[in-house]
Amino acid sequence: MSDSTSNDRWIDVFLLRMQEPEDVNDRPYYTTGSIVSAALMRVAVLGLGCIALAQVAEANVVWWTAMLSIWGIGVYPAWLQYQRFHQNVQQITVGTLCGSCRYFNPTNQLCTIMDVHVTHAEPPCEGEGWEPKDTYVEAD
Ligand code: SF4
């Protein structure tokens, strides 16, 4: 990955853009981990900004600014992004063969036996590794 692509990736994660780039199709662009880490980075930056603001403003101004900015800029965009991620996982879970397979992990859209992300209707194993979620093994 080139430096500019890597920087673009960090800027995207930090800003929690709602739409993945069009050329990203082999893995989920946003995951639970990237959403949470972006929210934490943004809250940390806002916290530093509020500490700086506390040097020049009254306490109630600082508290209102902190609460509104942390909610509006730090947490709410992350919550929206998580909703979008969850919708994508739901579409895969309901609409693909992988969604009905016991090896599909919806938390990170991963096939646990192939260790690859599931992003298309076409299963990465081409159906050979599929096993139903509710495998009933009868005891002898
Ligand atoms: S084993 Fe095959 S069908 Fe099952 S989750 Fe992995 S790729 Fe999908």
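Student: Which residues are closest to the ligand, and how many surround it?
Tutor: The ligand is surrounded by 14 residues, of which Cys 98, Cys 101, Cys 111, Cys 125 and Gly 129 are the closest, a residue being near if its C-beta atom, placed from the backbone, lies within 6 Å. This is a predicted model, in which local features need pLDDT of at least 70 and side-chain atom pairs pLDDT 80 or more, while totals for chains, interfaces and linings use all residues. Residues are numbered from 1 along each chain as its sequence is written.

Student: What makes strand 1 and strand 3 edge strands?
Tutor: The open sheet has 3 strands in the order 1-2-3, with antiparallel pairing. Strand 1 (104-105) and strand 3 (116-117) each have a single partner strand, so one side of each lacks a neighbour in the sheet.

Student: Why do strand 1 and strand 2 count as paired?
Tutor: Pairing requires that DSSP find at least two bridges between the strands, and strand 1 and strand 2 (residues 110-111) have 2, in the antiparallel sense; Asn 105 stands opposite Leu 110.

Student: How do you know that the length of helix 2 agrees with expectation?
Tutor: At 1.5 Å a residue, the 23 residues of helix 2 (residues 32-54) should span 33 Å, and its end C-alpha atoms are 33 Å apart, which agrees.

Student: With what is Cys 101 in contact, beyond its neighbours within four places in sequence?
Tutor: Cys 101 is in contact with Trp 130, Glu 131 and Lys 133, contact meaning C-beta atoms, placed from the backbone, within 7 Å.

Note on methods:
Helix = DSSP H or I, 4+ residues; strand = E, 2+ residues; numbered from the N terminus. Expected span 1.5 Å × (residues − 1). Contact = placed C-beta atoms within 7 Å.
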